[in-house]
Amino acid sequence: MASSDETQDATDQPPSYSLVEPEPEQPALLLPPLDLSRDAGPSSYATVTPDQCAAHLKFLAALADLRDGVASTQGLFGIDDPRPEIFLDNTNEAWARIKEKRWAVYTTRAAARYATWWDMCVPASRSRPTLRDLVDEGYSNITTSTPLAWSQDLLPPLDVLMIWHAHMLNPRAFLEDCIRHGKMSAWTTGFPWEAINASIDDRTLEYDVTQTAKDTFLAKTRLQWDNLLDTNDKMLCCPSCDERIFVPWTSGSMGVLLENLFRGWSGIADKDFIAVCPRCRLTLNHESLKIAKLRQDITALLTTDLPMPGTYYNLHGVPEPAFDPQRRKQQFFFPNRFLGVAGRDILDRTSPRNNQTPLTMKTVNEYIATKLKQRDIMWRANPNSFQTNLYPDEKVSYRRMMSHYWDNFSPFALDLVGAVIRQGTFVEKMDKIDWLHSPTILPTMNRLIKKYQLFFQIMTDHPSHMAVPTLDVDLAWHTHQLTPGRYLTFSLHRTSTSPSNQTPIFIDHDDKVDETKLSDCFEWTSKAYRKLTDGEIYSECTCWYCEAIREPDFSRSLPSLFPSSFSFLPSTTLKARSAATNLHTRADISSDPDKNPHISAHNAVRPDLPSLGSTASKLSPSSLDPRAIKYLKLRHDYEKAQRRAQKQKRRSKSGIPPHADTKSQSQSKDPNQKENQRGAASDSAVLYATPFLWGYPVIVPYYAPFACDPGVHSDAYVANPSSISPAHL
């Protein structure tokens, strides 16, 4: 179990992982009984228990089975399997896109069902806070509430649990939604692990609850227990005349070309959604629904004093009273003051009845920007202030408010469909690692919890950097976030006591980072982990990507004047280099990268890159996409790592110690050198890897463990799941 001592010696490193893969012919191993009635200790110092992580793995395995079953159902939602005689060589990719489309439609339905369950089945523990509540000194205690008593009789269907799970894995958004809807008891309680674990069979991993739970869900929500048995239509209210409109979840005919596969599909779960109100003839699309959400929130602010989204906590994610006698100090509260003055003009300008041409969120934002530049409005929004320009923090608070609408028309702080889609690759990879069927699962969970504590220390000690988790760290991190009260307490305590920070920060979880930035930050995290642990390897994996990430750190440490001498290397670098070399001979490191806990992979970015064939070296850096430049750098580093491995292999065969090179030896001619280099270059072709999406290879020009499913792209969803929030703080 993870130590509860915050001052744990950083050199007390988690041992190596022990991957025990069961023989295929043997029956599945049963998990040991899990004790989920206890926590890890004081929430300021301890995180999660191995039993909670194991229960989380069970839940992820159940989600993986659900995802595979839905995506593989022939004809589901009118989406047929691809015909090989039509798609020919593109049949595999067509398979992948079709499966992803079915899953996207299913997830959209699940998100709507979750919204109903949230309203009807999750009890409110207090009224919705108003502007007056947010300026009251007692608001700082908003996170203190009596927990709920969840039981198997109260659990929702698995698809609703899946959305709830993704919602909680966005900690600040979930906290805001619980405050905004008065459901703080649910926030305090967290994910009901005991009830969920008892409802998932240890052997079959099937989710099954009591008949009472099914009857309760039907009675309160008027929805079927099975997602697929629910209605084929979704009810919308016309933003102009409030007429009820029933629209299909998905509607269209598949094209015969990959790029046109779902073009023109017009259901609510499709990119090109469109509907017409039968009464006022208003055209509805995703943009009009986003604007309608913004108008609804502004109306609630003006009529009932409900604060705007994004203003329920300070710029560090911490709920605190917005009252301060000093002018404009509580700048995170600015959107409420501004819209209190300019809101009626904005409502008038964005009314569907006053616009012949359809509006977009972009045009609405541009109009609001003109209001921000009007001195009379700014003077009224910030009374007693002589400066009319926005302060930097006020700009951040405005962008944070607007980020709730750019790709989101749901009643929540984020688009939950995109949140689930982004988690898809993480779910799949945790399922492939298959720690569930290892007899050493609990010791493995214990080790990854210790590694997570070190990862959290890296985050708190370097607040200006983004730390990137490996899969094992991410499992513990996600499990911690599913107990929101404990995660908030731990986060605030560790950040406020960090020597480099000393500011309480509610650390958020960002799964929408561009892959180029993610790769650079992963390289930095690996180096920070090596320094913190005195030479331990962060990602214990021998895939090409992890090899390429490690190589620059080792190479940059070599003195240029003494290329053959290793005596000048820092001790941590020497230990790390030795550990990296030993990865290739360790019995517990699998040759299959999917079985190793390398970089966590749930980022959803479509790699639309130019072809990077033999002409890539002739292109100037300015002519390439930044991801293509990153790809070329990774390929160069991987080839360097391969040459180093070949050189060490030759030393081993000749009896020369690995680090006993001399200058003359390094310059000697090896008759097999060109052949070895050709082999290394040949090996680097794995960079053009063929990732498997839904069990089928999909060729893309750039691939790394974090590049996610190539089928995840903006054409498949209501909103681009890879979009980066304008102000993700």
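This is a short tour of a predicted model, stop by stop, with what to select and what you will find.

Before you start clicking, note that residues are numbered from 1 along each chain as its sequence is written, and that side-chain values use heavy atoms, with hydrogens and water left out. Because the model is predicted, local features need pLDDT of at least 70 and side-chain atom pairs count only at pLDDT 80 or more, while totals for chains, interfaces and linings use all residues.

**Stop 1: the hairpin**

Select residues 233-237, which is strand β1, and residues 244-248, which is β2. Helices (H or I, at least four residues) and strands (E, at least two) are DSSP runs, numbered from the N terminus. The two strands run antiparallel and are joined by 5 bridges; strands pair if DSSP finds at least two bridges between them. Click Met 235, and you will find its bridge partner, Phe 246, in β2. Now go to the turn: there are 6 residues between the strands, and Asp 242 takes a positive phi near 65°.

**Stop 2**

Arg 279 forms a salt bridge with Glu 243, and their closest N and O atoms are 2.9 Å apart. Arg 279 counts as exposed at 55% relative accessibility, and Glu 243 as partly exposed at 22%. For these labels, buried means under 20% relative accessible area, exposed over 50%, and partly exposed in between (1.4 Å probe, protein chains only).

**Stop 3**

The structure holds 21 salt bridges. For one of them, select Arg 486 and Asp 39, where the closest N and O atoms are 3.6 Å apart. Arg 486 is in helix α18 (residues 484-496) and Asp 39 in the segment before α1 (50-71), 447 residues apart. Which partner is buried? Arg 486 is, with a relative accessible area of 14%; Asp 39 is partly exposed, with 42%. While you are in this part of the sequence, select Asp 35, Arg 38 and Asp 51 too: they are linked in a network of salt bridges.

**Stop 4: Lys 214 and Asp 208**

Here the side chains of Lys 214 and Asp 208 meet in a salt bridge (3.8 Å, N to O). Lys 214 is partly exposed, with a relative accessible area of 25%. Asp 208 is also partly exposed, at 48%.

**Stop 5: Glu 206**

Select Glu 206, in the loop between α8 (193-199) and α9 (211-221). Glu 206 is exposed, with a relative accessible area of 55%.

**Stop 6: two aspartates with positive phi**

Finish with Asp 434, which has a positive phi of about 60° although it is not a glycine. Asp 434 lies in the loop between α15 (416-433) and α16 (441-461) and is partly exposed, with a relative accessible area of 23%. Then jump to Asp 534, where phi is near 60°, a positive value in a residue other than glycine. Asp 534 is in the loop between α19 (515-532) and α20 (544-556) and counts as partly exposed at 30% relative accessibility.

Note on methods. A salt bridge is a side-chain nitrogen of Lys or Arg within 4 Å of a carboxyl oxygen of Asp or Glu.
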